[in-house]
Amino acid sequence: MQYRRLGRSGLKVSEISLGSWLTFGKTVDERAASEIIHRAYEAGINFFDSANVYERGKAEVVMSRALKSFPRDSYVITTKAFWPMGDGPNDRGLSRKHIMEQVHASLKRMDLEYVDIFYCHRYDQETPLDETLRAIDDLIRQGKVLYAGVSEWTAAQIQEALSVSDRYLLDRIVVNQPQYNMFHRDIEEEIIPMCENAGVSQVVWSPLAQGILTGKYKEGLIPKGSRASGENVNSWMKQILNDMVNRKVELLDQLAKEHDITLAQLALAWTLRQHNVASTLVGASHPDQIAENAKASDVALGYSTLQRIEEIITS
C-alpha cells in the first residue's frame, strides 16, 4: 500500500480507503463488516470513511467498533454533517448549532475523543460561510476534529472558503470529496486545477461507478442481489447502464486482462493517476473484495495504457 499527503497537511492516507455508505449497518451485517475492516487494515488501508447520515449513525457505530482492535493513532477516521438527522428546522445544514451537535453525537456513537477529518457533506446556501468555518475551527482548537474537509463543493465554493479562512485566520480545508470515475469526470476541468494550486486534495467516491467498473453488469444484465437490482436503484445507474457503456466496459475489461489485473484495479489505478487524488474510496460487501481492490495501489499505468483508456472512454 502506498500513502499520499492530504493536501498541504502532514497527514498521510492510504491510496485506497474504505467507505461505509450503503453497506455497513445496512446491506452488510456487523460481523461481516468487522471482517472487511480487519482485512482492509491488514492490506495497509489506514483511511476509513463514514458520516452521521449513513443509516442514521449505524454505519459509524459498526466501523468504530471494528477499529477498536487497532491502536487509535494507526488509522484515520472521518465523519460528516449536512443532511437531515431529524424533523426539526435545525436538524440539518451547516449552522454552528447543527455542526456542534452532530460532531458530539458522532463522537459519542463512535466512542472516540476525536475524528481525524470532519467533512461538510454539501454546501449550505442558508448559513453564512464564516459561521460554518468558525464552528469547525473551534472544534479543531478543542481537539475534537483534526482536519477540515468538504464534499461535492464547486471550485468557486472551495476557493471562497479558503479566502474566508485566510481572512479570519481559521484552519483551512485540506480535502474535498467528490464523485470521480471514468464515466464521471467533472472535477478535471476546474476543481482539480484550483485545488492543486490551493493545497487541497481529492478523496474520490464512486471510483467504480456504482459497481459498473467491476464488470459485474456484463451485457447490461443485473445480477440478483446486486445494488442495481433493488427497487430503489438510483436514477444515475438507470441512465448509465446502456449499450454504449457496456461496450466500453468490455473493452476496458480486455485491457485489464492484458495487464493481468482486474477491471476494478484498472479503474482505481486510473483515478490515482491524478496526483491531486490522495485516496480513492471504495465500499465492500466481502473481505476478498477489499483485499483485491487494495492491490490497485501497486498498479502503475503507463502512458500508452492511459492513452488507450482515454480512447475507449471518449469514443
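Start by selecting Asp260, in the loop between helix H8 (243–258) and helix H9 (263–272); helices here are DSSP runs of H or I with at least four residues, strands are E runs of at least two, and both are numbered from the N terminus. This is a predicted model, where local features need pLDDT of at least 70, side-chain atom pairs count only at pLDDT 80 or more, and totals for chains, interfaces and linings use all residues. Residues are numbered from 1 along each chain as its sequence is written, and side-chain values use heavy atoms, with hydrogens and water left out.

Back to Asp260: its phi is near 60 degrees, a positive value in a residue other than glycine. With 72% relative accessibility, Asp260 counts as exposed (over 50%; buried is under 20%, partly exposed in between, with a 1.4 Å probe and protein chains only).

Now jump to Ala209, in the loop between strand E9 (201–205) and helix H7 (235–240). Ala209 also isn't a glycine, yet has a positive phi, near 50 degrees. Its relative accessibility is 0%, so Ala209 counts as buried.

Next, pick Ser64 in helix H2 (residues 58–67). Is Ser64 buried or exposed? Buried, at 3% relative accessibility. Show its side chain: a polar atom there lies 3.1 Å from the backbone oxygen of Val61. Leaving aside residues up to four places away in sequence, Ser64 touches Arg109 and Met110 (contact means heavy atoms within 4.5 Å).

Finally, display H2 with helix H3 (residues 96–110). H2 passes H3 in a right-handed crossing (the near helix is turned clockwise from the far one by less than a right angle). Glu60, Val61 and Ser64 of H2 meet Ser106, Arg109 and Met110 of H3.

How values were computed. Polar contact = N/O pair within 3.5 Å; in protein donor to acceptor, adjacent residues only side chain to side chain. Axes fitted to C-alpha atoms, helices over the stretch in contact; angles between N-to-C directions.
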